[in-house]
Amino acid sequence: MNIENIKSQFPIFSKKINGKQLVYLDSSNSSQKPASVINRLDSFYKNEFSNIGRSIHSLSVNATNKFDETRMSVKKFINANSKEEIIFTKNATESINLVASTFGQQNIKTGDEILITELEHHSNYVPWHYLRENKGAVIKFAPINDDGDIVISELEKLINSKTKIIAVTHLSNVTGTIVPVKEIIDIAHKKNIPVLVDGCQSAPHLKIDVKDLDCDFYAISGHKVYGPTGVGILYAKKKWLEQLPPYMGGGGMISEVKKDKITYAQLPEKYEAGTMPTAEVIAFNESIKFMESVGIENLVSHERELTNYALEKLKTINSVCIVGNPKNKAGVISFTIKGVHPHDIATILDEDAVAIRAGHHCCQILHEKLKLNATARVSFGIYNTKEDVDILCKAIENCRKVFNLK
Amino acid sequence: MDLKELYQDIILEHGKSPRNYGKCLGYNHNAIGHNPLCGDQVHVYLKLNQKKMVEELTFEGSGCAISIASTSIMTELVKGKSFQTAKKIVAEFLSMIKTGSKIATKDLNEDQKIKIMSLSGVKQYPMRVKCATLSWHTLVSAMDKKIDDVNTEVVD
């Protein structure tokens, strides 16, 4: 695999930031976009634009077909059973809110329990918190150990007859922990408890097979998978989408509207109210094609090699501490430098056009557990190289120099 | 933009060894400030005496070099000032950070002006302005005895 060739497909890397070559290490936040995706947005708006599913004219028929093609590609990409199980949303956050809201409305009563973990992003905690506020549900947190791994035996102990759903991330956006979600789903299903997997970070880094996982719900953000912003995906088993009530109401999601009665559209339209991000969904098909052209196996092995290289190099720098040491780790490395706050690290690295993220990364529960206010985070995409890691390490040395560290 | 303008020695020094850290005895005003972007927090303790003079001003909290240094310098400059003068210094500081205006007040001596102006480089780093201003907003909140906590996403 030729990374330089892949990198050249991303127009942003031909731009200079602060007069320097961009070293983009913030892909867990959002990935950069290949030209094919950007061009598809452009060409759709220029030559093909129309809304979908509403009109008879040629443009609308074409747009509707193209929109449907992306749905088919997503189905194949995550190995779903049918395209009815693929719902387009705004992002993974909306996907999780959709499940929390509709599942909660139908299945959660006072005292019922929702089991999540200490690794969760706020987007897989706050939507469930609404059920705690509005329905009197109880939220339990499966603990992590010092390495940043979820302790499965402890998670199992927290399951009881009141547990109504388990929501867990597939890959931590802080420690890079790859969570054994299949094992958790097996445990949950033996007790007839459905599982939602937050796949926001895993979708760009791992092979996703929802059939193999047997998860009930899987949430993805398109913009982290080399796609446009404004596209999210909710995979849900058909039985849930048939059984649960609709989420948002409006045009497109109805079958018949009378003054005294409304019936809803079939799947997947039942969950896609109003005008959808048409151009973005259509362009997202190019993101999937891009991922497939690289090959998930190649992507996984490239990022693993890069992560190991970075971990080795970072460990040799005085006063750098890596956060967590999970058994299985993907291309996300959070660290601290003794004596330098992560915000200062990020500002100083930016001077060298090294883009990282600093803060709590929307994981305050996890940072509280780690007894850290904030961390600096490096996250990789397919376009990163060992040279990027070398520039990062030099920039960190500069950071130590600014702060007069020995 | 030169990093040295942002991370001047005086800022690094105050960031590393902040003055007036801790809870002062006999404080009669206090407020907490949050920066939800990074999770940093500052707690300002203030003792206003009967003449409405800032007799004590201390803080507790964690944060980056910019925020700790800014808070430390604030406590040094505002301590011993009258209520009105303190308010004036805060207003001049916030205006310097936001608009780049000069520090004109006669209530600070030359040394103190150099200290407060060492933070002026922050204006060039929009993402860091909140780091520098949080504790100053929190001080105003403590002085005005506002009940709610200060949140950098709410104040401008």
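Colleague: How do helix 4 and helix 5 of chain A cross, and how far apart are their axes?
Modeller: In this predicted model, helix 4 (residues 92–107) and helix 5 (residues 126–135) of chain A cross at roughly 25 degrees, and their axes come within 8 Å. Axes here are lines fitted to C-alpha atoms, for helices over the stretch in contact, with angles running from 0 to 180 degrees between N-to-C directions. Helices (H or I, at least four residues) and strands (E, at least two) are DSSP runs numbered from the N terminus.

Colleague: What does that angle make them?
Modeller: It makes helix 4 of chain A roughly parallel to helix 5 of chain A. Angles under 35 degrees count as roughly parallel, over 145 as roughly antiparallel, 65 to 115 as roughly perpendicular, and the rest as oblique.

Colleague: Left-handed or right-handed crossing?
Modeller: The crossing of helix 4 and helix 5 of chain A is right-handed. A crossing is left-handed if the near helix is turned anticlockwise from the far one by less than a right angle, and right-handed if clockwise.

Colleague: Which residues meet there?
Modeller: From helix 4 of chain A, A:Ile96, A:Asn97, A:Ala100 and A:Gly104. They meet A:Pro127, A:Trp128, A:Tyr130, A:Leu131 and A:Lys135 in helix 5 of chain A. Two residues are in contact if their C-beta atoms, placed from the backbone, lie within 7 Å.

Colleague: Before I go on, how are residues and chains labelled?
Modeller: Residues are numbered from 1 along each chain as its sequence is written, and chains are lettered from A and ligands numbered from 1 in the order in which they are written. As the model is predicted, local features need pLDDT of at least 70 and side-chain atom pairs count only at pLDDT 80 or more, while totals for chains, interfaces and linings use all residues.

Colleague: Back to helices. At what angle do helix 12 and helix 14 of chain A pack?
Modeller: About 120 degrees, for helix 12 (residues 342–351) and helix 14 (residues 386–402) of chain A, with their axes 9 Å apart. That makes helix 12 of chain A oblique to helix 14 of chain A. Helix 12 passes helix 14 of chain A in a right-handed crossing.

Colleague: And which residues touch?
Modeller: A:Ile345, A:Ile348 and A:Leu349 in helix 12 of chain A meet A:Ala395, A:Asn398, A:Cys399 and A:Val402 in helix 14 of chain A.

Colleague: How is chain A divided?
Modeller: Into domain 1 (3–26 + 295–402) and domain 2 (38–292). The bounds come from an automatic or database domain assignment. Taken over C-alpha atoms, the centres of the two domains of chain A are separated by 28 Å.

Colleague: How many residues are in contact between them?
Modeller: In chain A, 24 residues of domain 1 are in contact with 24 residues of domain 2. On the domain 1 side, the elements giving two or more residues are helix 11 (296–315), strand 14 (332–337), helix 13 (364–369) and strand 17 (375–379) of chain A.

Colleague: What about the largest nonpolar core?
Modeller: It has 109 residues, of which A:Phe217 and A:Tyr235 touch the most other members. A nonpolar core is a set of buried Ala, Val, Leu, Ile, Met, Phe, Trp, Tyr and Cys residues joined through C-beta atoms within 7 Å. A residue is buried if 20 or more other C-beta atoms lie within 10 Å of its own, exposed if 12 or fewer, and partly exposed in between, with C-beta atoms placed from the backbone.

Colleague: Where does this core lie, and why?
Modeller: Domain 1 and domain 2 of chain A both give residues to this core, so it lies between them. Helix 10 (residues 278–294) of chain A gives the largest share, eight residues.

Colleague: What is A:Tyr235 in contact with?
Modeller: Leaving aside neighbours within four places in sequence, A:Tyr235 is in contact with A:Ile78, A:Ala80, A:Glu85, A:Ile86, A:Val210, A:Phe217 and A:Tyr218. A second, separate core of 37 residues includes B:Val44, B:Leu119, B:Cys131 and B:Leu139.

Colleague: New topic. Which peptide bond is cis?
Modeller: The one from A:Leu267 to A:Pro268, with omega near 0 degrees. A:Pro268 is in the loop between strand 12 (262–264) and helix 10 of chain A.

Colleague: And A:His361, is that buried or exposed?
Modeller: A:His361 is buried, with 25 other C-beta atoms within 10 Å. Its phi is positive, near 50 degrees, in a residue other than glycine.
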